[in-house]
Amino acid sequence: MDRFEIIGGHKLEGRFSVQGAKNSCLPIIAATMLVQGETVLHNCPDLKDTEVAVSILNSLGCYTERQGNDIYINSDVNLENTIPEELMSKMRSSIMFLGPLLSRNKCVRIYYPGGCKLGPRPINYHIDAFRALGAETYEEENSIFFKNFSAPPREITLEYPSVGVTENIMTFLAVGQGDEIRIKNPAREPEILDLQNFLNSAGAKIKGAGNEEIIIKPVEKLHNTEYNIMPDRIATLTYLTSVAMCGGDVIIDNAVPEHIRKPIKLLEKAGAEIRDSYGIRLISHRGIKALGKIETGPYPDFPTDAQACFSALMSTSEGETEICENVFSSRFSHCDELKKMGADIDFRDGNAVVKGVKRLKGAEVYASDLRCGAALIAAGLSAEGRTKVYGTEFIDRGYENIEKVLRKIGADIKRLS
Ligand code: EPZ
């Protein structure tokens, strides 16, 4: 079985540039359907999820070509109305093709999306939002049909600041007629601002991303554009927590401190030294302090996608930390696997309580989602002895060449099958 094999205990030292952001690249790939002419995307990470996103464009009739981390896309064709079920089932974020496709075709059939097991992955907020924007919906057994021919209202308030729903609404409303539309209670993640910047680079008129209200003035069409995807803030945090766990001194040249202010503060509170005048440099001498409590939430709160690697970090801290996962109902699959490595983790009122141990021990562990897998790799890097992390297919969904990046800064990690 495919696995990563790690011999723990090596300090991590050196510098590198982090991959482009998966969670920015995916909605932007979907949004290229709105562009008349060619789009060139730079710094697109080569991942299983980006591969699926490009396959969805191809299945709709778009031309795409990847050259390294650049993707060339032309959607100047009559697009299909349905995304194939087997592609929708491969990736939860395939729902993000709904907005641009409905904007282009006025009617779309989508199958319920798949993705990692993070508890139920409903799409009710998406359905509610498109109904509120005037679309008719017809739910069938495993698919749902959207039809939209009416003018949207001047304002929509999201019941929850959903990242995917915010992105779907932005791509749905960017091209069209009529007056300004306000999105209230939107998600404020940095990836939302990256999507706004991409759309505006093609002639859209969107403002307010990152704040409590996004204002969209629909435009008649979007022209061809070239765009650089932002660096991946979650991959950055995964690598930084690995250095904090192993000890060492690493610079991530293109990391953006503003994207991860809250987690950086927690890394400093845990005892790491952070310098962010140029990229992000983390210096860690052995010894991690417990943080007492970590609570995930919508941006600018602590990101749920970094919860697993921070749980691993806390597993070798001096003291106890309560981990409250407020975004996904079950995102603790890494805890059982960390316990196989000697971590002391219990559950209290639905939260994980991590009591730090001196050092983890290598073991055979299984990733069940991409962030769980990355956390297990981080744990193996600092553990005593050999760790085998199975489930490489999950990790490859979100991390480009993770073993090469880690080897470059001194880790003993191999990909074996
Ligand atoms: C995006 O997922 C990210 N994925 C996730 O990253 C990230 O964890 C999440 O935002 C939160 O930051 C991409 O950007 C591709 P949500 P998304 O809609 O849009 C519930 C990773 O590890 N919900 O903000 O799906 C949902 O179940 C991935 O890179 C509904 O109930 O997140 C969750 O509990 C994992 N109904 C909460 O809202 C809906 O219709 C937040 O979801 C939609 C969501």
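**Notebook: a look around the predicted chain**

I began with contacts (heavy atoms within 4.5 Å): among those in the protein chain between residues at least 6 apart in sequence, 74% join residues at least 24 apart.

Ground rules for myself. This is a predicted model, where local features need pLDDT of at least 70, side-chain atom pairs count only at pLDDT 80 or more, and totals for chains, interfaces and linings use all residues. Residues are numbered from 1 along each chain as its sequence is written, and side-chain values use heavy atoms, with hydrogens and water left out.

**Whole chain**

I looked up the secondary structure and got 14 helices and 25 strands; these are DSSP runs, numbered from the N terminus, with helices being H or I of at least four residues and strands E of at least two. The radius of gyration is 21 Å, close to the 22 Å from the globule rule for 417 residues, so the chain is as compact as a globular protein of that length. That radius is taken over C-alpha atoms, and the rule is 2.2 Å times the number of residues to the power 0.38. I also noted the box filled by the C-alpha atoms, roughly 60 × 45 × 45 Å along the principal axes.

Next, burial: 58% of the 417 residues count as buried, meaning under 20% relative accessible area with a 1.4 Å probe, protein chains only.

**Helix α6**

I went to α6 (residues 163–173) and found 10 of its 11 residues buried. Among them are Glu167, Asn168 and Phe172. At the start of the helix, a side-chain oxygen of Ser162 comes to within 3.4 Å of the backbone nitrogen of Gly164. I am calling that a polar contact: a pair of N or O atoms within 3.5 Å, one able to donate a hydrogen and the other to accept it, with residues adjacent in sequence counting only if both atoms are side-chain atoms.

**Two buried glutamates**

Is Glu191 buried or exposed? Glu191 is buried, with a relative accessible area of 5%. It sits in helix α7 (residues 190–201). Skipping residues up to four places away in sequence, I listed what Glu191 touches: Asn23, Ser24, Glu167, Met230 and Arg233. Glu167 was already on my list of buried α6 residues.

Then Glu337, in helix α11 (residues 333–340). Glu337 is buried too, at 10% relative accessible area. Its side chain makes a polar contact with the side chain of Lys340 at 2.8 Å. Neighbours within four places aside, Glu337 is in contact with Val365, Tyr366 and Leu376. I also checked Glu364: 27 residues from Glu337 in sequence, and 8.5 Å away in space, C-alpha to C-alpha.

**Two loop residues**

Where does Gln19 lie? I found Gln19 in the loop between β2 (12–16) and α1 (22–31). Its relative accessible area is 8%, so Gln19 counts as buried. The Gln19 side chain reaches the backbone nitrogen of Glu400 at 2.8 Å. Beyond four places in sequence, the contacts of Gln19 include Asn43, Pro45, Pro231, Asp232, Gly398 and Tyr399.

Last stop, Gly279, in the loop between β15 (273–275) and β16 (280–284). Gly279 has 11% relative accessibility and therefore counts as buried. Leaving out residues up to four places away, Gly279 touches Ile252, Asp253, Ala255 and Pro257. I compared positions with Leu193 as well: 86 residues along the chain from Gly279, with the C-alpha atoms separated by 19 Å.

Technical notes. Buried < 20%, exposed > 50% of the residue type's maximum accessible area, 1.4 Å probe, protein only.
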